[in-house]
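Dear colleague,

I am handing over the structure that follows, and below it you will find what came out of going through it. Please read the text with the structure open beside you.

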Amino acid sequence: MELRGRTVLVTGASKGLGAAVAVLLGREGCRVGVNYAGDAAGAARTVAAVEQAGGEALALQGDISREDDVARMVAALRERFGTVDMLVNNARIDPYKRPAEMGDAAWWNRTLEVNLTGAYLCAMAVWDGMVAQKWGRIVNVSSVWAYWGASFKMLPYAVAKAGMHALTRGLATEGAPHGVTANTVAPGLIITEAIGTRLSEEQIEEAKHGVPLGRGATPEEIAEAVVFALGSGFTTGAVIEINGGVRMGA
Ligand SMILES: NC(=O)c1ccc[n+]([C@@H]2O[C@H](COP(=O)([O-])OP(=O)(O)OC[C@H]3O[C@@H](n4cnc5c(N)ncnc54)[C@H](OP(=O)(O)O)[C@@H]3O)[C@@H](O)[C@H]2O)c1
């Protein structure tokens, strides 16, 4: 793996999986752009943890669904570290946090805007730099919901995640002649610090029950798969499914 000294933008790195990815990349000696939407304290915690792990870090507030925000964040990262070599599209709107007053169209559009368009905009913003230097790595974080028949509640989220798989394949196709790889990491249940804010104890137990290995992943277990995909020069257009066995035979 040649990740030492590389600069990476990790979206949604104020908490959960994004924070774990940022810290693991810090341990690899990377320079990490820690994107967040509103949780500045969480982003500051991630920055401190990355630095403690041996990397460098820069907190970047910005809404990934806004092209101007994305351009500003990428410019700030380039100004501080020179290039942006890698991108982890991890940020998401939580399907469990739909505001009661939001109508179907607004919620559908907002979910796709952040969870899919945002990933595309971030990829486009770093693309030319990666192609010019003939080296780049992109990982899109999807979900088992990309495959499952979703309830109405999960439908916009599932559609956005399924779209990410097509996004990965397109980026992998376009990037291959230029040394740019793109892969999807599709996790199952992850036990993040914040999971209790979206699921009740009973719901968490029920979800664990449906996992052949009988538990959710730690964020670090999924982060390892993301770092593998970033480090492998011969993996592209792939989906790494890491879900405790929930899709065996499916
Ligand atoms: N948790 C699971 O069980 C699970 C399972 C399968 C797949 N996944 C996937 O794994 C990834 C991480 O999940 P998680 O549970 O760690 O997520 P999370 O705890 O909900 O954190 C989401 C992150 O995205 C950021 N964010 C939200 N809207 C944004 C926007 N418009 N622009 C920029 N950043 C924005 C948040 O920033 P603020 O904190 O500043 O708001 C936060 O850092 C997601 O792609 C998710 O779909 C999760």
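Of the 250 residues of the protein, which is a predicted model, 50% count as buried.

As to overall dimensions, the C-alpha trace spans about 45 × 40 × 35 Å along its principal axes. The radius of gyration is 17 Å, which agrees with the value near 18 Å that a compact globule of 250 residues would have.

The secondary structure consists of seven helices and seven strands, and from the N terminus on these elements follow the order β-α-β-α-β-α-β-α-β-α-β-α-α-β. When contacts between residues at least 6 apart in sequence are considered, 73% of them join residues at least 24 apart.

On the charged side chains, the protein has 23 positive and 26 negative ones, and the centres of the two sets lie 2 Å apart.

Asparagine 115 counts as buried because its relative accessibility is 0%, where the cut-off for buried is under 20%. The side chain of asparagine 115 reaches the backbone nitrogen of isoleucine 93 at 2.6 Å. Leaving aside residues up to four places away in sequence, asparagine 115 touches Ala91, Arg92 and Ile93, and also Tyr157, Ala160 and Met164.

With kind regards

Technical notes:
Residues numbered from 1 in each chain as written. Predicted model: local features only at pLDDT ≥ 70, side-chain atom pairs only at ≥ 80, totals over all residues. Heavy atoms only, no water. Helix = DSSP H or I, 4+ residues; strand = E, 2+ residues; numbered from the N terminus. Rg over C-alpha atoms; globule rule 2.2 N^0.38 Å. Buried < 20%, exposed > 50% of the residue type's maximum accessible area, 1.4 Å probe, protein only. Contact = heavy atoms within 4.5 Å. Lys, Arg positive; Asp, Glu negative; His and termini not counted. Charge placed at Lys NZ, Arg CZ, Asp CG, Glu CD. Polar contact = N/O pair within 3.5 Å; in protein donor to acceptor, adjacent residues only side chain to side chain.
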